[in-house]
Amino acid sequence: MRLSRSLIPTIKETPAEAQIVSHRLMLRAGMIRQQSAGIYAWLPSGLRVLHNIANIVRAEQARAGAQEILMPTIQSADLWRESGRYDAYGPEMLRIRDRHDREMLYGPTNEEMLTAIMRESVQSYRDLPQMLYQIQWKFRDEVRPRFGVLRGREFYMKDGYSFDLDYAAAVSSYRRMMLSYMRIFRTMGVRAIPMRADTGPIGGDLSHEFHILAPTGESGVFYDKAFESIDLGNDTYNYDTQADLDAFFDQMTKLYAATDEKHDPEAWAKIPETDRREGRGIEVGQIFYFGTKYSEKMGFSVVGPDGARIHPEMGSYGIGVSRLTGAIIEASHDDAGIIWPDAVAPFRAAILNLRQGDATTDKLCEDLYARLGDAALYDDRDARAGEKFADADLMGHPWQLIVGPRGAAKNQVELKRRRTGERAELSLEDALAKVLA
């Protein structure tokens with residue numbers, strides 16, 4: 001993408017309405033623009049990050065055996081009355097009526113709808129287990145939307161659901177999702193710690209939240225320092241081996257980790273003081289097991305091996321895709337701007353032409369752009385070098401390929417690594433090898 005033809009409206013000033021770093025930087029880097037309270041339009045570079053995060057989720061969910069579907073954003077109130085949640089959910093639910101005066105709602109979650117789909121589609125125990133998910137827009141009418149995409153009213157979310165024949169199989173699905181989630185976060189280049197959690201309006205008696213550590217996190221977190229060194233998505237564990245799922249779950253849960261809501265001072269006191277870590281965390285995902293809560297209330301059952309009807313055991317699994325965009329920035333930035341992990345960055349590299357109009361410089365930049373294609377943002381603007389440097393740092397590209405007349409004459413570029421600030425003069429081929437590695 002050529003920056004001269006792109007809608008990436010960077011701004012120098014800090015927007016007055018932005019209270020936290022991620023909100024300020026997403027606005028300044030031209031990723032989003034607010035349309036109303038807690039509702040944002042995603043501009044090209046922001047949407048690229050959103051797609052990168054979603055595709056990482058898709059790839060790992062597929063490896064875990066989950067199937068992607070897509071459900072409507074608008075749901076019937078009748079479904080939620082079947083589960084008893086329509087009146088209980090609270091004012092966060094946006095309730096609407098269509099032109100025929102039918103009560104509808106903008107879905108904040110999809111337990112009811114998918115249970116109804118399964119009720120119509122699955123009749124026998126032979127059709128279980130099933131694990132399905134979607135990545136879809138949701139709406140919760142927060143009373144005070146703030147902090148940009150970290151606490152918006154409209155948000156992009158992965159929500160998944162498992163259906164199993166018995167408790168043991170349901171727990172296995174839960175543990176499978178914990179492993180999948182930890183691998184997802186590792187692939188994104190962030191460290192998320194699983195912490196015991198309340199189940200809230202979704203219900204159930206087993207739940208974990210996943211928190212990225214960041215100074216501006218909404219929750220106080222307490223955890224064992226061992227989480228800082230263990231491989232949170234170890235590839236030696238096999239999704240299809242129950243012993244591996246159990247071993248991974250034990251590794252994740254035997255160490256102390258809790259938000260301030262679930263913090264146990266007595267258990268905390270038993271941990272050696274040198275091993276205690278306290279900080280702030282941003283919740284980016286949560287998993288739940290809630291048994292037959294929805295299948296019983298909504299009359300979903302299958303014929304079991306002995307001919308008796310069985311209500312499937314269920315779980316649900318959420319990841320805040322749009323929320324992760326802000327959370328990653330909160331955990332990875334400096335005074336100059338965003339520092340994207342390679343896997344989620346909107347562009348892998350920025351090509352900075354420091355002498356627009358110089359034939360040798362232009363040619364080398366065009367060569368780089370042709371080789372990198374969609375992985376690069378080519379800053380071909382007729383602008384000062386300082387402006388180009390500042391915008392590249394602000395937008396957070398993992399690599400910067402800096403091209404000026406002196407280096408271009410030798411077929412060399414200056415390669416800068418955004419995370420470390422390290423710079424090196426390299427040949428075009430050597431620079432490309434590093435960027436594409």
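**Close-up 1. Elements that line the largest pocket of this predicted model.** Strands E8, E10 (206–213), E13 and E16, together with helix H9 (321–331), each contribute at least two residues to the lining of the largest pocket. Strand E13 provides the largest share of that lining, with seven residues. The pocket holds about 1,200 Å³ of space, and among the 45 residues that line it, Arg140, Glu142, Glu283, Gln286 and Arg323 lie nearest its centre. By residue class, the lining divides into 16 charged, 15 polar and 14 nonpolar residues.

**Close-up 2. Strand E16 and its pairing with strands E8 and E13.** Strand E16 spans residues 313–320 and is mostly covered, eight of its eight residues being buried. Glu313, Gly315, Tyr317 and Ile319 point one way from the strand, whereas Met314, Ser316, Gly318 and Gly320 point the other way, and the residues of both groups are all buried. Strand E8 (residues 154–164) pairs with E16 in the antiparallel sense over eight bridges, and within this pairing glycine 160 has tyrosine 317 of E16 as its bridge partner. Strand E13 (residues 276–291) also runs antiparallel to E16, to which six bridges join it; here methionine 314 of E16 is the bridge partner of glycine 291.

**Close-up 3. Threonine 109 in the loop between strand E6 and helix H4.** The loop that holds threonine 109 lies between strand E6 (103–106) and helix H4 (111–121). Threonine 109 has a relative accessible area of 2% and therefore counts as buried, the cut-off being under 20%. Its side chain is joined to that of glutamate 111 by a polar contact of 2.7 Å.

Conventions. Residues are numbered from 1 along each chain as its sequence is written. This is a predicted model: local features need pLDDT of at least 70, side-chain atom pairs count only at pLDDT 80 or more; totals for chains, interfaces and linings use all residues. Side-chain values use heavy atoms; hydrogens and water are left out. Helices (H or I, at least four residues) and strands (E, at least two) are DSSP runs, numbered from the N terminus. Buried means under 20% relative accessible area, exposed over 50%, partly exposed in between (1.4 Å probe, protein chains only). A polar contact is a pair of N or O atoms within 3.5 Å; within protein, one must be able to donate a hydrogen and the other to accept it, and residues adjacent in sequence count only if both atoms are side-chain atoms. Two strands pair if DSSP finds at least two bridges between them. On a 1 Å grid over the protein atoms alone, a cavity is a set of points where a 1.4 Å probe fits but cannot get out, and a pocket is an open set with protein on both sides within 12 Å along at least five of seven lines; lining residues have an atom within 4 Å of a point. Grid points are joined across faces, edges and corners, and a volume is the space filled by probe spheres set on the points. Ala, Val, Leu, Ile, Met, Phe, Trp, Tyr, Cys and Pro count as nonpolar, Asp, Glu, Lys and Arg as charged, and the others, Gly among them, as polar.
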